[in-house]
Amino acid sequence: MGSAGLAGRLAQARAGALVGREPQRAVLDRMLSGAADAPLVAYMYGPGGIGKSSLVRYAAQQAELTGRRVVHVDGRFLDADPRRLEELAAPACAEPGAVLLIDTFEQCQPLEAWLRENFLPRLADHAIVVVASRVAPDAEWSLDPGWAQLFTALAVRPFNTAQSHVLLAARGVPAEQRGAFVAFAEGSPLALSLAAPSPQPNPAHRGSRPATS
């Protein structure tokens, strides 16, 4: 199988984590469309394995489709020194319409006030920001009368039973087996994906084994 086939299967597997995330995707789509009433900063939060990174990847893919510059920063590789974040996120200050994505922000959560008060006001025109963290945003975003109009917090919650069944169905799990997986996973998309068997490729699509002498 070529790299394109592998990329397609990887994208399909990741898409499962977007089941039931229509509200969050709708906000991201409005932001990327440049709608006048759309927020400029979306802060997604929820426990590990809940699908935040999948939504960040979705935002990146949609941004690239619209020709926007994507600036992706991973909090796992930062520390509490704002200079490192400023260095990595700097392109979003120079290019209008850039999309700044900060994933795993809980790893550098002490920078939240600095990000809000010092860095984000320097972004280029029409830039938007998506932050993903296990920690809920602090109250200052909503208390500040300026940010309150430009900021939105998006809770990413566990799947309900119906959403869990949809994800398992998409992975080819027979209906009679889904109940056990749903009970085990307790709404975690990651747990559902790990517990459920991966879809098996169609044997008819496998290449023939070369003959041996």
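Predicted model: local features only at pLDDT ≥ 70, side-chain atom pairs only at ≥ 80, totals over all residues.
Let me begin with the cysteines. The structure contains zero disulfides. Cys-93 is partly exposed, at a relative accessible area of 26%, whereas Cys-108 is buried, at 1% relative accessibility.

I turn next to Glu-106. Where does Glu-106 lie? Its place is the loop between strand E3 (99-103) and helix H6 (112-119). From there, the side chain of Glu-106 reaches the backbone nitrogen of Arg-134 at 3.0 Å. Leaving aside residues up to four places away in sequence, Glu-106 touches Ala-132, Ser-133, Arg-134 and Val-135.

The remaining topic is charge pairing. Side chains of opposite charge can pair when their charged atoms come close. How many salt bridges does the structure hold? There are nine salt bridges, and I shall present some of them.

In the pair Asp-37 and Arg-30, the closest N and O atoms are 3.4 Å apart. Asp-37 is exposed, with a relative accessible area of 59%, while Arg-30 is partly exposed, at 32%.

Arg-76 and Asp-74 form another salt bridge, with closest N and O atoms 2.6 Å apart. Here Arg-76 is exposed at 54% relative accessibility, but Asp-74 counts as buried at 18%.

Arg-122 pairs with Glu-86, the closest N and O atoms being 2.7 Å apart. This pair links distant parts of the chain, 36 residues apart: Arg-122 sits in the loop between H6 and strand E4 (128-133), and Glu-86 in helix H4 (residues 82-89). Arg-122 is partly exposed, at 40%, and Glu-86 is likewise partly exposed, at 27%.

Finally, salt bridges with shared partners join Arg-116, Glu-117 and Asp-138 into one network.

Key: Residues numbered from 1 in each chain as written. Heavy atoms only, no water. Disulfide = S-S within 2.5 Å. Buried < 20%, exposed > 50% of the residue type's maximum accessible area, 1.4 Å probe, protein only. Helix = DSSP H or I, 4+ residues; strand = E, 2+ residues; numbered from the N terminus. Polar contact = N/O pair within 3.5 Å; in protein donor to acceptor, adjacent residues only side chain to side chain. Contact = heavy atoms within 4.5 Å. Salt bridge = Lys/Arg side-chain N within 4 Å of Asp/Glu carboxyl O.
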